[in-house]
Amino acid sequence: MSQQIEAIILAGGLARRMGGEDKGLIELLGKPMIAHVIGRLKDQVNKIRINANKNQDRYAELGLDVFADQLEGFLGPLAGIYSGLAECQSSLMLVVPCDCPLLPLDLVSRMQQQLLAANADLAVATDGERDHSVVMLLKPELQQSLKTYLETGQRRVESWYDEFNVARVSFADQPNAFVNVNTHEQKQQLAEVISKA
């Protein structure tokens, strides 16, 4: 790997659709959802950190650095991304959510290749039709822009990154790559998909 890349897994949300349960810690096939995500990433990056605003002790049991949002008030995924960038020691930072247990095993290599080829500020994963805006590879120098954006009261990830040179990286060849879990029914369906894989 020519560049040092670290990943942050966003586990800081409120999970309202899951009745407030911490999505990253919900069991899927006998282990926490986030453990599946870690398993998909561990050979793709130099370091993994977890952004969590509650249950930090439980996340720390996974053996990774855990950090909370630096900004008060549950400001959404951008607050976690900002906090990750604030302490990023690598050339690039990968962002993924804690509830996508089928992330591509070639996620980083493809995103890095297209980011460099396009000389882009960040790369965003797509399923061939729409952006998966919290699956991105970005440069740490975007931190100040993100802080300024959040200070205006805005929260939409897409609205923030649209002002930059964005490489959109299609994973249409992996239709389940970004399937995420928002309900217990979806969790059961996903368990069946993983069991058959």
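Is Cys-88 buried or exposed? In this predicted model, Cys-88 is buried, and its relative accessible area is 12%.

**Cysteines**

A disulfide is a covalent bond that links the sulfur atoms of two cysteines. For a pair to be counted here, the two sulfur atoms must lie within 2.5 Å. The closest cysteine sulfur to that of Cys-88 belongs to Cys-98 and is 20 Å away, which is too far for a bond. Cys-100 is likewise in no disulfide, since its nearest cysteine sulfur, that of Cys-98, is 8.7 Å away. The number of disulfides counted is zero.

**Buried residues**

| Residue | Relative accessible area | State |
|---|---|---|
| Cys-88 | 12% | buried |
| Cys-100 | 3% | buried |
| Asp-99 | 4% | buried |
| Val-45 | 9% | buried |

What does the side chain of Asp-99 make with the side chain of Lys-23? The two side chains form a polar contact of 2.7 Å. Leaving aside residues up to four places away in sequence, Asp-99 touches several residues, including Met-33, Val-37 and Asn-180. Val-179, Val-181 and Asn-182 are also among the residues that Asp-99 touches.

Val-45 lies in another loop, the one between α1 (33-41) and β4 (47-51). From C-alpha to C-alpha, Val-45 and Val-193 are 25 Å apart in space, while 148 residues separate them in sequence.

**Strand β6**

Why is β6 largely enclosed by the rest of the structure? Six of the six residues of β6 are buried, so the strand is largely enclosed. Leu-92, Leu-94 and Val-96 point one way from β6, whereas Met-93, Val-95 and Pro-97 point the other way. The residues on both of these sides are buried.

Strand β6 also pairs with other strands. Strand β1 (residues 5-10) runs parallel to β6 and is joined to it by six bridges. Within this region, Ile-9 has Val-96 of β6 as its bridge partner. Strand β8 (residues 131-138), in contrast, runs antiparallel to β6, and three bridges join the two. Here Leu-94 stands opposite Leu-137 of β8.

Methods. Residues are numbered from 1 along each chain as its sequence is written. This is a predicted model: local features need pLDDT of at least 70, side-chain atom pairs count only at pLDDT 80 or more; totals for chains, interfaces and linings use all residues. Side-chain values use heavy atoms; hydrogens and water are left out. Buried means under 20% relative accessible area, exposed over 50%, partly exposed in between (1.4 Å probe, protein chains only). A polar contact is a pair of N or O atoms within 3.5 Å; within protein, one must be able to donate a hydrogen and the other to accept it, and residues adjacent in sequence count only if both atoms are side-chain atoms. Contact means heavy atoms within 4.5 Å. Helices (H or I, at least four residues) and strands (E, at least two) are DSSP runs, numbered from the N terminus. Two strands pair if DSSP finds at least two bridges between them.
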